[in-house]
Amino acid sequence: KRVNELENELENIKIQIEQKTDQVTIPGIRIANLSAEILELQSKIQPLEEELSDLKETYETNLAELQERLNTATIQLQDDELLLKQSNSRIFDLLTQISDLKTQLKNAKKQASKPATQSIADLEEKLKTQQRESKKLESANKNLKQEVEALRARCPVNADCGDLQRQLQQSQKDADYYHKLTQEKENALKNLRHNFDALAQEKTRLQQDYDNLLKKQINLEDQTIQTSLMTMDPNTANPRIVLSADGTQVSTTDSPLQVQDSPGRFDVSLAVLGSTGYSSGRHYWEVNVAGKSCFHIGMASQSSTRKGLLSFNPTRGFWTVVLNKQGELRALDKRPATIRARTPTLTLGILLDYKKGQISFYDAGTRSHLYTFSGQAFTDKIYPFINYCVEDGANPTPIVLVQPGSTDWIK
């Protein structure tokens, strides 16, 4: 503005000098007075030219500085554009992941798993990071817009500043565009967070549903007696134990079989474990002991000792009953207990209730309870157990595992 004033003032002085110079030829004009006025006007020209020169030099310096700042602002805008594109790509990736997670959550069992929980935690952290980045971009664009406004205000309105004005206008448009784009990304993030919160709530609800279903399933398993035809495991059998091909009959031989020894095989007791062990639920199996003058049957823990002479009681991992050759039926508890049965047992039933810590014995033929080991704290799998009793006489009757019938009579 000051440059324009000086240039106008200088131009006016020059015009006045020309006008007064032209008046010299007019008759009757006092030349001395005109000369004095012309000299006075000419004396004003040099100070004005010097001030104008100084201002122009200062202007050029300022203009160069403004141009440099404008270039910096333009580069910053380009960087912001790249960051916004990257932000947009990350948001798209997050939306895709959440969409995939929603699909996974349709199955309650899979949705309620720990990997799904971790996925949600990871997405939540990514969303927070994305929000912080978008806020930074918004702040940067705001500052850039203010700087462009300041540059525009400082740029003189004249022909020499036309290019700069156009650049500033374009920068203003770019700043406005990226500000709007940042706002859109922020709104998208808010919507994403809202959807994500809804997804987390849905996941929590599904987790609760799954937990409730799991509890119901466990309770149902605890209330339901599962029956099966038990088979015995040849890899645990004493070398003198002979099993039928299907593993349901147990007998003995005088000559040991040629079998490979292992830590899980009984070497002194004529014993064998069932093929299946249990770590939960209620399980019932039956064994036919008709015609047997003695037997030793029950259950054993997976960690029970199988080598050498064994002590059969709960502290050693054995819960068994034994019929000795004198016809006495006893439960080998911590304190052995005599079981008084009304009639000889023909089919022995064994029930494991893992949760309650109980192993019960029944006379399946008369549907009567014989004995229960209670208050046990099971920590590993529990297996069916048979310790064969060698009877007097030739061709002893084998012990035969049978398919249980209905268990509705068991309380």
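Which strand do six bridges join to β6, and do the two run parallel or antiparallel?

Author: Happy to. A word on the basis: this is a predicted model, in which local features need pLDDT of at least 70 and side-chain atom pairs count only at pLDDT 80 or more, while totals for chains, interfaces and linings use all residues. Residues are numbered from 1 along each chain as its sequence is written, and side-chain values use heavy atoms, with hydrogens and water left out.

The partner you ask about is β7 (residues 318–323), joined to β6 by six bridges and running antiparallel to it. Strands here are DSSP runs of E, at least two residues long, numbered from the N terminus, and two of them pair if DSSP finds at least two bridges between them. In this pairing, Phe295 stands opposite Leu323 of β7. Strand β13 (residues 382–387) is also joined to β6 by six bridges, again antiparallel, and there His296 faces Asn387.

Strand β6 itself spans residues 295–301, and seven of its seven residues are buried. Buried means under 20% relative accessible area, exposed over 50%, and partly exposed in between, using a 1.4 Å probe and protein chains only.

Next comes the disulfide, a pair of cysteine sulfur atoms within 2.5 Å. The count comes to one: Cys294 and Cys389, with sulfur atoms 1.8 Å apart. The angle about the S-S bond is -95 degrees, a left-handed link. Cys294 sits in the loop between β5 (282–288) and β6, and Cys389 in the loop between β13 and β14 (399–402), so the bond ties together parts 95 residues apart in sequence. Both Cys294 and Cys389 are buried.

Ser269 touches Asn387, along with Asn238, Leu310 and Phe312, leaving aside residues up to four places away in sequence; contact means heavy atoms within 4.5 Å. Ser269 lies in the loop between β3 (249–252) and β4 (271–273), and counts as buried because its relative accessibility is 11%.

How values were computed:
Helices (H or I, at least four residues) and strands (E, at least two) are DSSP runs, numbered from the N terminus.
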